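I opened this notebook to record what I looked up in the structure, entry by entry. The entries follow below the display.

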Amino acid sequence: MTPRPSVRWFRDGVEIEVSKDITIEYDEERFISTLEINDCFPENGGSYSCVAVNEAGSARTEAFLEIRRQFLSQLLVVNVRLLTSAYF
């Protein structure tokens with residue numbers, strides 16, 4: 001059995017802490033960590049990375065998040081907010 005890793009998330013090199021807008025979860029069965037950002041705004045953009053470490057070694061993955069807003073109608077604003085929740 002693989003030992004559970006210590007998983008840490010970073011944005012632009014700074015560790016991310018859980019808050020009312022940020023959720024970090026770890027699925028024990030699938031070995032997947034997810035970062036969810038609720039109500040994303042352009043200032044939430046940047047370079048995101050996830051680092052996992054256990055006795056067997058370490059792994060790192062990175063992604064760049066860019067958020068663009070288009071205000072064409074009130075309905076689109078609601079859809080943009082729903083679509084910009086990010087899962088890594």
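**Entry 1. A pair of adjacent topics: K20 and D21.** I began with K20, which counts as exposed at 73% relative accessibility. I note that the model is a predicted one. I then looked up the partner of K20 and found a salt bridge with D21, in which the closest N and O atoms are 3.5 Å apart. D21 itself counts as partly exposed, with a relative accessibility of 30%.

**Entry 2. Salt bridges as a whole.** I asked how many salt bridges there are by this rule. The count comes to five. I recorded two further examples in the entries that follow.

**Entry 3. R4 and E28.** I looked up R4 and found that it forms a salt bridge with E28, with 2.6 Å between the closest N and O atoms. R4 lies in the segment before β1 (6–11), while E28 lies in the loop between β3 (22–27) and β4, so the pair ties together parts that are 24 residues apart in sequence. For R4 I noted a relative accessible area of 52%, and the residue is exposed because the cut-off for that class is over 50%. E28, with 43%, is partly exposed.

**Entry 4. D27 and R30.** I next looked up D27, which forms a salt bridge with R30; their closest N and O atoms are 3.7 Å apart. D27 counts as partly exposed at 27% relative accessibility, whereas R30 counts as exposed at 56%.

**Entry 5. Backbone angles.** I turned to phi. Most residues other than glycine have a negative phi. F31 lies in the loop between β3 and β4, and F31 is exposed, with a relative accessible area of 54%. I also noted D12, whose phi is positive and near 50 degrees. D12 lies in the loop between β1 and β2 (14–15) and counts as partly exposed at 46% relative accessibility.

**Entry 6. The nonpolar core.** Last, I asked which residues make up the largest nonpolar core. I found ten residues in all: W9, I16, I22, L35, I37, C40, Y48, C50, L65 and I67. Two or more residues of this core come from each of the elements β4 (32–37) and β5 (46–54).

Technical notes:
Residues are numbered from 1 along each chain as its sequence is written. This is a predicted model: local features need pLDDT of at least 70, side-chain atom pairs count only at pLDDT 80 or more; totals for chains, interfaces and linings use all residues. Side-chain values use heavy atoms; hydrogens and water are left out. A nonpolar core is a set of buried Ala, Val, Leu, Ile, Met, Phe, Trp, Tyr and Cys residues joined through side-chain atoms within 4.5 Å. Buried means under 20% relative accessible area, exposed over 50%, partly exposed in between (1.4 Å probe, protein chains only). Helices (H or I, at least four residues) and strands (E, at least two) are DSSP runs, numbered from the N terminus. A salt bridge is a side-chain nitrogen of Lys or Arg within 4 Å of a carboxyl oxygen of Asp or Glu.
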